[in-house]
Amino acid sequence: AEEFMDNGAIHYAVDELNRAISHEGHPDFYVLLGRCYRSLEKRKLAYFAYKNALTLEQDNAEALLSLGDLALELGTIKEVEALLPAIKEVSSEAALLTEHGLLCRKGKEALEKGRYRGSFRFYENALQLMSDSPKAEAGCVSALKGLAKAYGQMKRPLKELNCLLKLYHIVPSKALGKKISKAYERAGSKAASRRVEVQSVVE
């Protein structure tokens, strides 16, 4: 199987590994199978292969790290949370990526359910972990837009203003500056503490 893999004949390697597994469920066979499936872009099959490997050998580093990556996409949030402590023991870098991915996934799920405040907190925490993350930044923007709109509909201008100001610090624009000015006017005396910040945005 390894010879086939070295020569790029991945499908033949898969056949050999499945044949080997039918005789003995060794964790190394599943790890190699996971590698093959990832090479073939069959991420779901790779996920199950690594899961089988980790079931047989709980301290298998490659299976653990690979499963942590794939579980973000294909597993449950609880599964990733359960894997995280073990991943931290193996690799701090992989743990950082996994934790960031987990926060982004939680943020996305909250956003899809219209839970904008929770979504923003998850994405903001992800951005604190990785300040150059486009996914976390885009998530913060989407959550704040949803939250500002919701507060506007509820006629809570001060809350709307606070969200718009946070949004402006991420993606400043003239159109957003005008929205901030209008929200500030609607909030009246309640927004007095934000006067200097609003003036700097308007200017």
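Is Glu41 buried or exposed? Glu41 is exposed, with a relative accessible area of 63% (exposed means over 50%, buried under 20% and partly exposed in between, with a 1.4 Å probe and protein chains only).

## About the model

This is a predicted model, in which local features need pLDDT of at least 70, side-chain atom pairs count only at pLDDT 80 or more, and totals for chains, interfaces and linings use all residues. Residues are numbered from 1 along each chain as its sequence is written, and side-chain values use heavy atoms, leaving out hydrogens and water.

## Two loop residues

Let us stay with Glu41, which sits in the loop between α3 (27-39) and α4 (43-56). Helices here are DSSP runs (H or I, at least four residues), numbered from the N terminus. Glu41 has a positive phi of about 60° although it is not a glycine. Most residues other than glycine have a negative phi.

Lys155 also has a positive phi, of about 55°, and is not a glycine. Look for Lys155 in the loop between α9 (134-153) and α10 (157-170). Lys155 counts as exposed, at 71% relative accessibility.

## Helices α2 and α3

Helix α2 (residues 10-23) packs against α3 at an angle of about 155°, and their axes are 10 Å apart (axes are lines fitted to C-alpha atoms over the stretch in contact, with angles from 0 to 180 degrees between N-to-C directions). The two helices, α2 and α3, are therefore roughly antiparallel (angles over 145 degrees count as such, and those under 35 as roughly parallel).

On the α2 side, the contact (heavy atoms within 4.5 Å) is made by Ile10, Ala13, Val14, Leu17, Asn18, Ala20 and Ile21. Their partners in α3 are Phe29, Tyr30, Leu32, Leu33, Cys36, Tyr37 and Ser39. The residues of this contact of α2 with α3 divide into twelve nonpolar, two polar and no charged.

## Helices α5 and α7

The axes of α5 (residues 61-74) and α7 (residues 92-112) come within 10 Å and cross at roughly 10°. That makes α5 roughly parallel to α7. In this pair, Leu65, Gly68, Ala71, Leu72 and Glu73 of α5 meet Ala94, Leu97, Thr98, Gly101, Leu102 and Arg105 of α7. Here the contact residues of α5 with α7 comprise six nonpolar, three polar and two charged.

## A closer look at Thr98

Thr98 lies in helix α7 and is buried, with a relative accessible area of 6%. The side chain of Thr98 reaches the backbone oxygen of Ala94 at 2.8 Å. Leaving aside neighbours within four places in sequence, Thr98 is in contact with Gly68, Leu72, Val80, Leu84 and Ile87.

Definitions and conventions. Angles under 35 degrees count as roughly parallel, over 145 as roughly antiparallel, 65 to 115 as roughly perpendicular and the rest as oblique. Ala, Val, Leu, Ile, Met, Phe, Trp, Tyr, Cys and Pro count as nonpolar, Asp, Glu, Lys and Arg as charged, and the others, Gly among them, as polar. A polar contact is a pair of N or O atoms within 3.5 Å; within protein, one must be able to donate a hydrogen and the other to accept it, and residues adjacent in sequence count only if both atoms are side-chain atoms.
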